[in-house]
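Q: I'd like to go through the labels on this one and see what stands behind each. Could you set the values against the definitions for me?

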Amino acid sequence: MKIIVPMAGRGSRLRPHTLTVPKPLIPIAGKPIVHRLVEDIAKVLDEKIDEIAFIIGEDFGEKVEQDLKQIAKTLGAKGTIYYQDKPLGTGHAIMCAKDSLEGPVVIAYADTLFKADFTLDKEADGVIWVKQVENPSAYGVVQLNEKREIVDLVEKPSEYVSDLAVIGIYYFRDVAVLKKELQGVLDNNIIRGGEYQINDGIEAMKQKGARFVPGKVDEWMDCGNKQVTVETNTRMLNFLQEDGENLVASNVEMENSEIIEPCFIGENVVLKNARIGPNVSVGNGTKISNSSIKNSLIQTFAEVENANLNNAMIGNFAKFNGEFTEISIGDYSVLE
């Protein structure tokens, strides 16, 4: 089994955090989004992952490539890097990894997380993972027949089709079939919204008799912008606490401080006169003093002083003093 992860864009809606770190490597509860994603996929598949192929931008850099290969290694898989030089859509991104498109494959976009407990139907030609939503007109949805097979994919339907939204994770029993159809999409320049879409490859498969079924997830968490990323961090912390995971490193240095669970507190964090939590993630090496922080995500080696923060997101190596009289902030920074 292979996992293909298109993640070429850095993510403009999460600036400034994605100026130096691609969005899929932003940590949620102490672990990069893409790391949690492939781990959760592996749990649902319940079989050995041989290869994880990451499709990235050429400007991501060597460190990002090494980090991604290490993520694959933690799952006992080979990590392969492919490049998408232009943002030409999901179908184009997948075809950038064409050398890995053979055999059973899961394709997953790297800005979403999920919780699921279902058995994958490996007899189907494909599985499209979906989540029941309250406002289906805001999503792409699947239409099912009486056998609960997918007969249509409808993007943001103006009239009710179904309430099962596509979350961006797909299983193909033999992805070489999709590869062939996507090559046809590229060759025939089939473009929607200025991009080549995976849906056109899936539709071509269905027209030739391929059987697709839904895989329904219990939770679907987005990481598209700062607000929903902080919310996803909160939800993930609560899930991990329910699972009994230890989220606080043993070498956290505390002085006159309190941690209100659930919180993730990384290695070598220093807390002095601080009240942290609930629903806070603090990355390795961060120092927090004279502060109260809740419902927030703070990355590595940051320094926070004299702060009263709620619903905040602070990046790597950032410095924040709530009593500031002088400031130095870069492009896309936000103070609210």
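Predicted model: local features only at pLDDT ≥ 70, side-chain atom pairs only at ≥ 80, totals over all residues.

A: Let's start with ring pairs: rings of Phe, Tyr and Trp (its six-membered ring) pair if their centres lie within 6.5 Å, and planes under 30 degrees apart count as stacked, over 60 as edge-to-face and the rest as tilted. By that rule there are 6 aromatic pairs here.

Q: Why is the pair of Y139 and W220 called tilted?
A: The ring centres of Y139 and W220 are 5.6 Å apart and the planes sit at 50°, so the pair counts as tilted. Y139 is in the loop between strand 8 (126–132) and strand 9 (140–144) and W220 is in strand 13, so the pair ties together parts 81 residues apart in sequence. Strands are DSSP runs of E, at least two residues, numbered from the N terminus.

Q: What makes the pair of F172 and F212 edge-to-face?
A: The planes of F172 and F212 are at 80°, with 6.1 Å centre to centre, and that gives an edge-to-face pair. F172 belongs to strand 11 (residues 164–172) and F212 to strand 12 (residues 212–216), so this pair ties together parts 40 residues apart in sequence. Ring pairs also link Y109, Y170, F172 and F212 into a cluster.

Q: How do you know whether F172 is buried or exposed?
A: Buried means under 20% relative accessible area, exposed over 50%, partly exposed in between (1.4 Å probe, protein chains only). F172 has 0%, so F172 is buried. F212, at 1%, is buried too, whereas W220 at 22% is partly exposed, and so is Y139 at 30%.

Q: Why does I327 count as exposed?
A: Because its relative accessibility is 52%. I327 sits in the segment after strand 24 (319–321).

Q: What makes the contact between the side chains of E51 and S100 a polar one?
A: A polar contact is a pair of N or O atoms within 3.5 Å; within protein, one must be able to donate a hydrogen and the other to accept it, and residues adjacent in sequence count only if both atoms are side-chain atoms. The E51 and S100 side chains make theirs at 2.8 Å. E51 is in strand 4 (residues 51–56) and, at 9% relative accessibility, counts as buried.

Technical notes:
Residues numbered from 1 in each chain as written. Heavy atoms only, no water. Helix = DSSP H or I, 4+ residues; strand = E, 2+ residues; numbered from the N terminus.
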